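I opened my notebook beside the structure viewer and jotted down what I looked up. Here are my entries, in the order I made them.

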Amino acid sequence: MTNRFTRAVATLVGLVLTGSGLAVAGAAPATADFEVDCPRGYFCGWTGDDADGTMWKTNKSVADLGRWADDIHSYANHKDAEACLYGERNYDRSSYLWSVERAPSGEGLAMYGENTRVIRSIKFVQDPHECDVSDYPSWAASPTSGTPDFGDMDGDTRPDVVSRDRAGRLWFSPGSGHAGRIIGTGGWNAMSALTRHGDFSRDGREDVIAREAATGKLWLYPGTSTGALGARKLIGTGGWNGMRGITALGDLTGDGRPDLVAAEKSTGRLYLYPGTSTGGLGARKLIGTGGWN
């Protein structure tokens, strides 16, 4: 496969913002997708400015590029991951330079750019925010009572936050203010609805409910004492793709069990799905005759 690079991809260093009087030193070089000799699944660097000269490549994060730190003058990312470039060793976030997008879907395409900076370490991540922060922002909340309560997933009496990132991972941010952590390593983009608030499994811990887009099934993911999730349980065998606004709102029926509400797309009707003593859902009840779309 031959290179198809041109010098038209310019290096942007010391870019001046017109009319603002501000200069952005060391702005990220412009990148574009080109067909390259860099093998699929690798990040490649060259000693030349046009992907020529000697090539260096890696398919995993490198904490210290050694002598190559000063020798990479053009690069291409052919991995299915974002490449974070740092001016210091060991992925020092204070020296973060820029990220290079993951490779496009084309067979030989990769994100290409030129470089005039020293690159001492490279880290591959699924979401570019991870280049310069350790994890998702922390969340802090005051205790709500002396016992685990609404919104509390780890049993410390503080409400917690669960979020999904663009890479399809699920994050847990404890109300204690400590750093967030991953509780679902991938695949959560296959879920077209996520909701929580309530202990459906009746074990004293809050749970997560998700709808699987491909099947329309509804799954219960029981909470644990650490904020993580246990093995999922099927609570809706199908048809849930016909519903919108699936939301867990707590106990609406007054029986001490959390319930679910959802609007039917075809009719605009609002239905209540009562929680049961076994962690499932009972027969639905119409609570809104129309207009809920």
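Leaving aside its neighbours within four places in sequence, which residues is Ser99 in contact with? I found Glu82, Ala83, Cys84, Pro128 and Cys131, with contact meaning heavy atoms within 4.5 Å.

Before going on, I noted that this is a predicted model, where local features need pLDDT of at least 70, side-chain atom pairs count only at pLDDT 80 or more, and totals for chains, interfaces and linings use all residues. Residues are numbered from 1 along each chain as its sequence is written, and side-chain values use heavy atoms, with hydrogens and water left out.

**Ser99.** I placed Ser99 in strand S8, residues 96–100 (strands are DSSP runs of E, at least two residues, numbered from the N terminus). Ser99 is partly exposed because its relative accessibility is 26% (buried means under 20% relative accessible area, exposed over 50%, partly exposed in between, with a 1.4 Å probe and protein chains only). Its C-alpha atom is 7.3 Å from that of Cys131, 32 residues apart along the chain.

**Disulfides.** How many disulfides does a search of the whole structure find? I got two, counting cysteine sulfur atoms within 2.5 Å as a pair.

Cys84 and Cys131 form one of them, with sulfur atoms 2.0 Å apart. Cys84 sits in strand S7 and Cys131 in the loop between S10 and strand S11 (161–164), so this pair ties together parts 47 residues apart in sequence. The S-S torsion is about -70°, so I wrote this disulfide down as left-handed. Cys84 is buried at 0% relative accessibility, and Cys131 is buried at 0% too.

Cys38 is joined to Cys44, S to S 2.0 Å. That link is right-handed, with 80° about the S-S bond. Cys38 is buried at 2% and Cys44 is buried at 0%. In sequence order, the bonded cysteines pair 1-2, 3-4.

**Core.** Next I looked up the largest nonpolar core, which has 18 residues (buried Ala, Val, Leu, Ile, Met, Phe, Trp, Tyr and Cys joined through side-chain atoms within 4.5 Å). S7, S8 and strand S10 (121–125) each supply at least two residues of this core, and S8 gives the largest share, three residues. Apart from this core lies another, of 15 residues, including Ala193 and Leu281.

Trp56 is among the residues with the most contacts inside the largest core. Beyond four places in sequence, Trp56 touches residues including Phe43, Cys44, Leu65 and Ile122.

Key: Helix = DSSP H or I, 4+ residues; strand = E, 2+ residues; numbered from the N terminus.
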